[in-house]
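Student: I have a structure to go through. Could we take it one question at a time?

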Amino acid sequence: PLVMQTFAVGMDHPRGGFLLSGMCIIVAQIFMVGSAKVCGDYSGRWGRKKLFLIGMFSVPLRCLILYSLVGLKDSIEAAGNDVPLALEIIILSTQILDGVGAGVFGTMYILVTSDIAAGTGRFSLTLGVTSAAMSIGGTVSGYLGQALAQDLGYQTAFMMLCILSLVPALAYTFLMPETCVMENEVKNVEVSNMESIAQNEERQVV
């Protein structure tokens, strides 16, 4: 929402703001679908943690980029000049990271929850808890971002959100282990089991 608001604020032509705001949603949705597909196909090969960290660090990276771009846009407007269309397009392109983060989060948190709850019979309970936590976090983040933007400006809001989003990303990096058993490891276990079975059969024949 903050990115869409930056397009709407200060634009001479409201239609241009509506168009760029709509493009924000379209670009994010396209890349969300693509990143979710990649996570579903390759999380078993690359591991959950690596892909989840890509989604987590995409948030502070996006906020940091937006902090710089919005500051540049504000300086151009303060000088009384028109904001170049190229700068608007670059700001719009940050929605790629938003889509990547959303796709990774939407896919990986279910897979990680499944790994953690495997064999406990409490998958639905664990998924409900994690979904509630994500919903609360999204609500608080949206409210906090709007409050900061209103009181301190969009640039400061993006920097504060960048700092806050680094906390869970770093915590997941250093405190959360890999929860997925890699496909290669599973194949190695299957091969070793088959070899042991074959050796036992040979011994019985002898």
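This is a predicted model: local features need pLDDT of at least 70, side-chain atom pairs count only at pLDDT 80 or more; totals for chains, interfaces and linings use all residues.

Student: Which helix holds serine 165?
Tutor: Serine 165 needs an element that spans its number. Residues 154–175 form that element, and it is helix H7.

Student: Is serine 165 buried or exposed?
Tutor: Its relative accessible area is 12%. Buried means under 20%. So serine 165 counts as buried.

Student: How many helices and strands does the protein have?
Tutor: From the N terminus on, the elements run α-α-α-α-α-α-α-α. The count is zero strands and eight helices.

Student: What percentage of the residues count as buried?
Tutor: The protein has 206 residues. Buried means under 20% relative accessible area. The share that counts as buried is 30%.

Student: Of contacts between residues at least 6 apart in sequence, what percentage join residues at least 24 apart?
Tutor: Take the contacts in the protein between residues at least 6 apart in sequence. The share joining residues at least 24 apart is 76%.

**Salt bridges**

Student: How many salt bridges does a search of the whole structure find?
Tutor: Aspartate 41 pairs with lysine 37. Aspartate 115 pairs with arginine 48, and lysine 73 with glutamate 88. The search of the whole structure finds three.

Student: What separates aspartate 41 and lysine 37 along helix H2?
Tutor: Their side chains meet in a salt bridge at 3.3 Å, N to O. Both residues are in helix H2, residues 14–46, and they are four residues apart. The separation is therefore about one helical turn.

Student: How far apart in sequence are the parts tied together by aspartate 115 and arginine 48?
Tutor: The side chains of aspartate 115 and arginine 48 meet at 2.7 Å, N to O. Aspartate 115 lies in helix H5 (residues 95–117) and arginine 48 in helix H3 (residues 48–78), so the pair ties together parts whose separation in sequence is 67 residues.

Student: Are aspartate 115 and arginine 48 buried or exposed?
Tutor: Aspartate 115 and arginine 48 share one class. Both are buried.

Student: Which helices hold lysine 73 and glutamate 88?
Tutor: The salt bridge between lysine 73 and glutamate 88 spans 3.8 Å, N to O. The pair links distant parts of the chain, 15 residues apart: lysine 73 is in helix H3, and glutamate 88 is in helix H4. Lysine 73 and glutamate 88 are both buried.

**Helix packing**

Student: At roughly what angle do the axes of H5 and H6 cross?
Tutor: The crossing of H5 and H6 is right-handed. The axes come within 9 Å. They cross at roughly 145 degrees.

Student: Which residues outside its sequence neighbourhood is threonine 113 in contact with?
Tutor: Threonine 113 is found in helix H5. At 3% relative accessibility, it counts as buried. Leaving aside neighbours within four places in sequence, its contacts are Phe123, Thr126, Leu127 and Thr130.

Student: How far apart are the axes of H6 and H7?
Tutor: H6 and H7 pack at an angle of about 145 degrees, and their crossing is right-handed. Among the residues that meet are Leu144 and Leu148 in H6, with Met160 and Leu164 among those in H7. The axes are apart by 7 Å.

Student: How far apart in space are glycine 71 and tyrosine 154?
Tutor: Glycine 71 is in helix H3, and at 16% relative accessibility it counts as buried. Glycine 71 and tyrosine 154 are 83 residues apart in sequence. In space, C-alpha to C-alpha, they are apart by 8.7 Å.

How values were computed. Residues are numbered from 1 along each chain as its sequence is written. Side-chain values use heavy atoms; hydrogens and water are left out. Helices (H or I, at least four residues) and strands (E, at least two) are DSSP runs, numbered from the N terminus. Buried means under 20% relative accessible area, exposed over 50%, partly exposed in between (1.4 Å probe, protein chains only). Contact means heavy atoms within 4.5 Å. A salt bridge is a side-chain nitrogen of Lys or Arg within 4 Å of a carboxyl oxygen of Asp or Glu. Axes are lines fitted to C-alpha atoms, for helices over the stretch in contact, and angles run from 0 to 180 degrees between N-to-C directions. A crossing is left-handed if the near helix is turned anticlockwise from the far one by less than a right angle, and right-handed if clockwise.
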